[in-house]
Amino acid sequence: TDLLLLVKEQGVKVPVRVAFIDEAQDLTTLQWQVVWQFFMDAEELIVAGDPNQAIFEWAGADVSYFLRMHTDEQRVLEKSYRCSQAVWNLAKSVYACIKEKAPIPDKGTDTVGFATVSNNTELPVPYLVSMAMKGSTYCLSMQNSFLDKYIENCVTYGILYAVKTSGRTNHCVRPDMRAYFRDLYEAITTPLLFQYMIKDNAKRPRKDSRKIRKRKEQYEADGVLTWDFNNKEQVLLNIFDLICKKVHKKEEQAILIRSIATGYILAPDYVLITNVHQVKGGEADYVLFCDNVARMYAAQAERDDVYRDYLLRVMYVAVTRAKIGICVWHRNEYRTVAPTYLFNSVGSVEGKSPAIMSIAEDYITKNIKEGNTNADNN
């Protein structure tokens, strides 16, 4: 704020012919004053933003100024270039509940996609697993207090995750360890690939990429080349021993062992667990969204239409992060500001939770929870 006040007092201008202002719905009153001062000599000023995604009013954002701003021309996109048609239909349903709003496109992308809802108390794990294995996945919540269930289920089923709060991202397993064991699991489950990885290419080393040469050296140093790959169960146990040797923290050991046993180690990336505010501007192939809020916030929304609009815009932002599909986790025991019909008409979750492999749980119980690992567990 002090820097904005300083440039405003000094009358600083930016000598450009055309200026673009993005995410304009999140600008504060002071920032708008600085914008007009910066670009008062510009020939053209293009302001882009979506007032329906204005979720930073608590930080001073003045969305009403953007809504009533006089312009020479206004344009609305003909379609959403991110959301599939199913996701966009759900987004329009949330949008329809907002009282103070701006126009939005009529249709989504050419992808059909899917939008479904779980009215169960427990997390819809089948959808989480399915989405995590297919592409990038967000697990979103209105508030941080609802993130624990995501973390708990990811740990139980071996789904590697990252938690983003206050701008920082913490991974459940170090990215380099995930990459190492992902490559190892992919190699041993693909015989031709593994044979290529371990065969002697001394006469033509340049044929191998730097990554493959490095992996070969690591496998040799870790004794992987001496394993009996005809015994699949023993190979898994050898991998578990290697995890305990290379990974120091018990929590990381346990979830990495489960991810190997279930095969979820092959997921394209970590599942990102966070609140909606942290991913504004981001996108993922799939989104699992918990729409519930604390009782006090729901009660305030019932009394105050402006606050209810704010919470609905947060929901709108969450839904529009999804490119292909979204599953709304509508937990029955908590409250939400969305009308009941909004999510009841979308669909329902079917399927069973994945089974937990006994070989992994037995190993964790015997060697990790009892502290009998080969690693120095700091």
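**Reading a predicted model**

User: Why is E23 called partly exposed?

Analyst: In this predicted model, E23 has a relative accessible area of 32%, and since a residue counts as buried under 20% and as exposed over 50%, the value falls in between, so E23 is partly exposed. The residue sits in the loop between β1 (18-21) and α2 (29-38), and its phi is near 50°, a positive value in a residue other than glycine.

User: Which residues of α2 are buried, and what do the buried residues of α2 pack against?

Analyst: The buried residues of α2 are L30, W32, V34, V35 and Q37, each of which must therefore have a relative accessible area under 20%. These buried residues pack against α1 (2-10), β1, β2 and α3.

User: What makes the approach of the side chain of Y95 to the backbone oxygen of A102 a polar contact?

Analyst: A polar atom of the Y95 side chain lies 2.8 Å from the backbone oxygen of A102, and the cut-off for such a pair of N or O atoms is 3.5 Å, so the distance meets that part of the rule.

User: Is Q143 buried or exposed, and why?

Analyst: Q143 has 16% relative accessibility, which is set against a limit of 20% for buried residues, and Q143 therefore counts as buried. The residue is placed in the loop between β4 (137-141) and α6 (148-157). Leaving aside neighbours within four places in sequence, Q143 is in contact with N292, V293, A294 and Y297, and its side chain reaches the backbone nitrogen of A294 at 2.8 Å, a distance that is again within the 3.5 Å required of a polar contact.

User: What volume does the largest cavity have, and what makes a space a cavity?

Analyst: The largest cavity holds about 60 Å³ of space, and one cavity of 30 Å³ or more is counted by this rule. The term cavity applies because a 1.4 Å probe fits there but cannot get out. V129, A132, M133, I159, L160, R178, Y264, I265, A267 and D269 line the largest cavity, and helix α5 (residues 125-134) gives the largest share of that lining, three residues.

User: How do the residues of the lining of the largest cavity divide?

Analyst: They divide into eight nonpolar, no polar and two charged. R178 and D269 belong to the lining, and because Arg and Asp count as charged, these residues account for the charged part.

User: How much space lies in the largest pocket?

Analyst: About 1,600 Å³ of space lies in the largest pocket. It is lined by 39 residues, of which V47, A48, G49, F66 and R75 are the closest to its centre. The elements giving two or more residues to this lining are β2 (44-47) and α3 (63-68), with the largest share, four residues, coming from β2. By class, the lining divides into 19 nonpolar, nine polar and eleven charged residues.

User: How confident is the predictor, by mean pLDDT of the protein chain?

Analyst: The mean pLDDT is 86, and 90% of the residues reach 70 or more, on a scale from 0 to 100. Over residues 370-378, however, pLDDT stays under 50, and the model has 20 contacts there beyond four places in sequence.

Key: Residues are numbered from 1 along each chain as its sequence is written. This is a predicted model: local features need pLDDT of at least 70, side-chain atom pairs count only at pLDDT 80 or more; totals for chains, interfaces and linings use all residues. Side-chain values use heavy atoms; hydrogens and water are left out. A polar contact is a pair of N or O atoms within 3.5 Å; within protein, one must be able to donate a hydrogen and the other to accept it, and residues adjacent in sequence count only if both atoms are side-chain atoms. On a 1 Å grid over the protein atoms alone, a cavity is a set of points where a 1.4 Å probe fits but cannot get out, and a pocket is an open set with protein on both sides within 12 Å along at least five of seven lines; lining residues have an atom within 4 Å of a point. Grid points are joined across faces, edges and corners, and a volume is the space filled by probe spheres set on the points. Contact means heavy atoms within 4.5 Å. Buried means under 20% relative accessible area, exposed over 50%, partly exposed in between (1.4 Å probe, protein chains only).
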